[in-house]
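Take a walk through a protein chain, one step at a time. Keep the model in view as you read.

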Amino acid sequence: MYLKYEGKAPFEKSEAKYVYILIRADLSLAQQGVQAVHAGMAAIHEFGGLTDDTRLAMLSVNSEDELECWARKLEMSGVNFKAFWEPDNNTGWSSLATSPISRETGKIFKKLPRWNPEQELMAA
């Protein structure tokens, strides 16, 4: 299949849905990637709802405690999400992903930084 760029996004930004993935920044970069995929796959399985208008936003939290705080905040706000528990290496709760939600609802995350894979590289 050949993909061709037509010069504009194939969706209306105002109508797009977003899946927000929160990833623990205290994990290694490799673990962060794997855990984000785990959470995203679990959310897709649980909620479905993906369309051509679904976008992905990856955000960072500092620790398992912060991830748990966000889980409580999302529950209180009525935002559906799926958290992922990683049993290996005593990792615990590693990431979470929301169901596809509106950009407006996603403003709950406005203070969280975008996930930045270079952050760990710069710190090394």
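A residue counts as buried when its relative accessible area is under 20%, and as exposed when that area is over 50%. Anything in between is called partly exposed. Keep in mind that this model is predicted.

Begin with the whole chain. There are 124 residues, and 34% of them count as buried.

Now follow the fold. The chain contains 3 helices and 5 strands. Their order along the sequence is β-α-β-α-β-β-β-α. How do contacts relate to distance along the sequence? Take the contacts between residues at least 6 apart in sequence: 78% of them link residues at least 24 apart.

Next, look at the aromatic rings. The whole structure holds 4 aromatic pairs. One of them brings us back to Trp70 and Phe109, whose ring centres are 5.3 Å apart. Their planes meet at 35°, so this pair is tilted. Where do the two residues sit? Trp70 belongs to helix H2, residues 64-77. Phe109 is in the loop between strand E5 (101-102) and helix H3 (117-123). The two parts are 39 residues apart in sequence, so the pair ties together separate stretches of the chain.

Another pair joins Trp85 and Trp93. Here the centres lie 5.2 Å apart, and the planes are at 80°, which makes the pair edge-to-face. Trp85 is partly exposed, with a relative accessible area of 46%. Trp93 is partly exposed as well, at 32%.

Rings can also gather in a group. Tyr18, Tyr20, Trp70 and Phe109 make up one aromatic cluster.

Finish at a loop. Asn89 lies between strand E3 (81-86) and strand E4 (92-98). Its phi is near 55°, a positive value in a residue that is not glycine. Asn90 is found in the loop between E3 and E4. The phi of Asn90 is positive too, at about 60°, and Asn90 is not a glycine. Are these residues buried or exposed? Asn89 has 70% relative accessibility, so it counts as exposed. Asn90 reaches 79%, so it is exposed as well.

Technical notes:
Residues are numbered from 1 along each chain as its sequence is written. This is a predicted model: local features need pLDDT of at least 70, side-chain atom pairs count only at pLDDT 80 or more; totals for chains, interfaces and linings use all residues. Side-chain values use heavy atoms; hydrogens and water are left out. Helices (H or I, at least four residues) and strands (E, at least two) are DSSP runs, numbered from the N terminus. Buried means under 20% relative accessible area, exposed over 50%, partly exposed in between (1.4 Å probe, protein chains only). Contact means heavy atoms within 4.5 Å. Rings of Phe, Tyr and Trp (its six-membered ring) pair if their centres lie within 6.5 Å; planes under 30 degrees apart count as stacked, over 60 as edge-to-face and the rest as tilted.
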